Amino acid sequence: MTYVVTDACVRCKYMDCVEVCPVDCFYEGENMLVINPNECIDCGVCEPECPAEAILPDTESGLEKWLEVNTKFSAEWPNITVKKDSPADADEFKGVENKFETLFSPEPGEGD
């Protein structure tokens, strides 16, 4: 099992999860974070920290797509271990549906 970041993170990109991760398995895209499933130790401390409820265990049904997204982009994006400010408009996008299809950017973030 691993945890995955879903499209609820797109354009919200709260980083409370980064701060609590004991193994630094988060990677930063331009407008979303992902978890490297090979580095995640399944501790679960990140899940309750996410204000957007974007982090879920991959054992929940229907998350195969998110496991693929997290695997792919964690190999391409820079590692992030320090919490940064969320986008100024993050709260406006919290709870918006289907953000991955309409708002996702494959561009990398800055990382640490």
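In the predicted model, serine 105 makes contacts with Glu30, Asn31 and Trp77 once its neighbours within four places in sequence are set aside. Serine 105 sits in the segment that follows helix H4 (99–103). Its relative accessible area is 11%, so serine 105 is classed as buried.

Charged side chains were examined next. The whole structure contains seven salt bridges. One of these joins aspartate 89 to arginine 11, with 2.7 Å between the closest N and O atoms. This pair links distant parts of the chain, 78 residues apart: aspartate 89 belongs to the loop between helix H2 (64–74) and helix H3 (90–93), and arginine 11 to the loop between strand S1 (3–5) and helix H1 (16–20). Aspartate 89 is partly exposed, at a relative accessible area of 21%. Arginine 11 is likewise partly exposed, its relative accessibility being 26%.

A second salt bridge is formed by the side chains of glutamate 28 and lysine 13, at an N to O distance of 2.8 Å. Here too the pair links distant parts of the chain, with glutamate 28 in strand S2 (residues 26–28) and lysine 13 in the loop between S1 and H1, 15 residues apart. Both partners are buried: glutamate 28 has a relative accessible area of 4%, and lysine 13 has a relative accessibility of 8%.

Glutamate 28 also forms a salt bridge with lysine 84, for which the closest N and O atoms are 3.1 Å apart. Because glutamate 28 lies in strand S2 and lysine 84 in the loop between H2 and H3, this pair ties together parts of the chain that are 56 residues apart in sequence. Lysine 84 is partly exposed, with a relative accessible area of 25%, whereas glutamate 28 is buried. Through salt bridges that share partners, Lys13, Glu28, Lys84 and Glu110 are joined into one network.

A search of the whole structure returned zero disulfides. For cysteine 9, the closest cysteine sulfur is that of cysteine 50, at 6.3 Å; this is too far for a bond, because a disulfide requires the two sulfur atoms to lie within 2.5 Å. For cysteine 12, the closest cysteine sulfur is that of cysteine 9, and the separation of 7.1 Å is again too far for a bond. Cysteine 9 is buried, with a relative accessible area of 6%. Cysteine 12 is also buried, at 0% relative accessibility.

Note on methods
Residues are numbered from 1 along each chain as its sequence is written. This is a predicted model: local features need pLDDT of at least 70, side-chain atom pairs count only at pLDDT 80 or more; totals for chains, interfaces and linings use all residues. Side-chain values use heavy atoms; hydrogens and water are left out. Helices (H or I, at least four residues) and strands (E, at least two) are DSSP runs, numbered from the N terminus. Buried means under 20% relative accessible area, exposed over 50%, partly exposed in between (1.4 Å probe, protein chains only). Contact means heavy atoms within 4.5 Å. A salt bridge is a side-chain nitrogen of Lys or Arg within 4 Å of a carboxyl oxygen of Asp or Glu.
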